[in-house]
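Below are some notes for a colleague who is opening this structure for the first time. Please keep the sequence and the 3D view at hand while reading.

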Amino acid sequence: MSVETFLVTGCAGFIGGHMVRRLLKEGFAVAGVDDFSSGRRANMADFQDRIRFVEGDLSSPRVAAEAVAGVDRIIHLASIPSVPRSLEKPMESAQSSVMATVALLEASWRAGVRRVVQASSSAVYGDAGDGAAAETWPYKPGSPYAAAKIAQENYARVFALQRGLDTVSLRYFNVFGSGQDPDGDYAAVIPKFIAAMLAGDRPVIFGDGSQTRDFIQVDDVVEANLAAALAKLPFGGEAINIGRGGGLSVNSLVRELNRVLGTDLKPIYAPARPGDILHSRSDPGQAEKLLGFRPRVDLAEGLARAAGVRI
Ligand SMILES: NC(=O)c1ccc[n+]([C@@H]2O[C@H](COP(=O)([O-])OP(=O)(O)OC[C@H]3O[C@@H](n4cnc5c(N)ncnc54)[C@H](O)[C@@H]3O)[C@@H](O)[C@H]2O)c1
């Protein structure tokens, strides 16, 4: 039997790099596409010469067609994944997420791709209040980024319905792990805190720190992507949560990081950012039922891996 070929879009990004390494380890042939809009060439240094790489913006039908040529399954991660950046640049957000997805789905259908697994986000739920967000909840977008992810999900459903292209959207909650960019205004909270705290600086919390997030380690997300890509049954455009099912406050995160890093740094509190939601927690039941997926990496172990320390 010949080896299947995977395409990872956004392969120069944080999750993309982990995904490519795992697929290569599993023995698959891998292609990648990226335009370096938020990813970096350096993230690909260890695998660049082992994949077929297409450099370009996926929203171009020419780039999309070149990327999908000869591909069996796709892990679609390309998108600029920042709520604040999307509020500043909604057109850029729509282009990088929505138009790139439509071009990819169209090209995938034409090329006879077997399945497209795409990254959606917990942002589609907006604020979860006290509850655990279930896939049956209505959309409640609070930012252009969330609106773009909802559009991505809907296009994936429509291509499944109208064209018979098998698609599934995985709604990742807050993903963290090694190789995540700690720099800039749009950096995610965990790499930012780790970089600051390892340098002996106090972490800056936007808001009072009572906001909660469902943090999931990147190796678990890679596992979920692989399970979805290889599952026997067709998904027909379904959306599935990928989270741990636990809500951790940002204040507790700082406490946990102090423990893991052996530091004792008190946070500095700054005004809350517009568009940021208060509470986010997943109901992980569907992922277990449909993908047989359960997160394996516990939080302290995941934080230690991300910080490159042993606990
Ligand atoms: N990191 C998280 O916590 C998180 C949570 C929920 C969902 N997601 C989703 O997971 C995916 C990957 O996120 P990440 O954290 O690895 O982000 P990332 O910014 O590190 O990676 C995204 C990659 O996509 C590339 N890209 C963006 N637009 C492109 C385009 N039009 N054409 C080609 N390449 C393009 C970027 O250059 C980058 O390398 C995104 O779709 C994101 O929305 C991430």
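1. Basis. This is a predicted model, in which local features need pLDDT of at least 70 and side-chain atom pairs count only at pLDDT 80 or more, while totals for chains, interfaces and linings use all residues. Residues are numbered from 1 along each chain as its sequence is written.

2. Overall form. The chain has 10 helices and 13 strands; helices (H or I, at least four residues) and strands (E, at least two) are DSSP runs, numbered from the N terminus. Its radius of gyration is 19 Å, close to the 19 Å that the globule rule gives for 311 residues, so the chain is as compact as a globular protein of that length. Here the radius is taken over C-alpha atoms, and the globule rule is 2.2 Å times the number of residues to the power 0.38. Along the principal axes, the C-alpha atoms fill a box of roughly 55 × 40 × 35 Å.

3. Of the 311 residues, 50% count as buried. A residue is buried if 20 or more other C-beta atoms lie within 10 Å of its own, exposed if 12 or fewer, and partly exposed in between, with C-beta atoms placed from the backbone. Among contacts with a separation of 6 or more, 81% join residues 24 or more positions apart; two residues are in contact if their C-beta atoms, placed from the backbone, lie within 7 Å.

4. Domains. The chain is divided into domain 1 (5–176 + 215–244 + 283–296) and domain 2 (189–212 + 246–279 + 302–307), with bounds that come from an automatic or database domain assignment. Taken over C-alpha atoms, the two domain centres are separated by 26 Å. At the boundary, 13 residues of domain 1 are in contact with 12 residues of domain 2. On the domain 1 side, helix H3 (83–88) and S10 each supply at least two residues, and H3 gives the most, with 3 residues. By class, that side has 6 nonpolar, 5 polar and 2 charged residues. Ala, Val, Leu, Ile, Met, Phe, Trp, Tyr, Cys and Pro count as nonpolar, Asp, Glu, Lys and Arg as charged, and the others, Gly among them, as polar.

5. Ligand shell. Which residues come nearest to the ligand? Of the 29 residues around the ligand, they are Gly10, Gly13, Gly39, Ser79 and Pro81; a residue is near a molecule if its C-beta atom, placed from the backbone, lies within 6 Å of it. Elements giving two or more residues to the shell are helix H1 (14–25), strand S2 (29–34), helix H4 (90–111), strand S5 (115–121) and strand S7 (174–176). The largest share, 3 residues, comes from H1. The shell has 15 nonpolar, 11 polar and 3 charged residues.

6. Helix H6. In helix H6 (residues 189–198), the buried residues are Ile190, Pro191, Phe193, Ile194 and Met197. These residues cover an arc of only 165 degrees around the axis, which puts them on the same side of H6; the arc is that of the directions from the helix axis to the C-beta atoms. The buried residues of H6 pack against S7, strand S10 (215–217), helix H8 (250–261) and helix H10 (299–307). After H6 comes Gly200, whose phi is positive, near 85 degrees.

7. Leu87 and Pro274. Leu87 is in helix H3 and is partly exposed, with 17 other C-beta atoms within 10 Å. Apart from neighbours within four places in sequence, Leu87 is in contact with Ser143, Pro144, Pro274 and Gly275. Pro274 sits in the loop between strand S13 (268–270) and helix H9 (285–291), and is exposed, with 10 other C-beta atoms within 10 Å. Pro274 and Leu87 are 187 residues apart in sequence and 8.7 Å apart in space, C-alpha to C-alpha.

8. Phe36. Most residues other than glycine have a negative phi. Phe36 is not a glycine, yet has a positive phi of about 60 degrees. Phe36 lies in the loop between S2 and strand S3 (52–55), and is partly exposed, with 14 other C-beta atoms within 10 Å.
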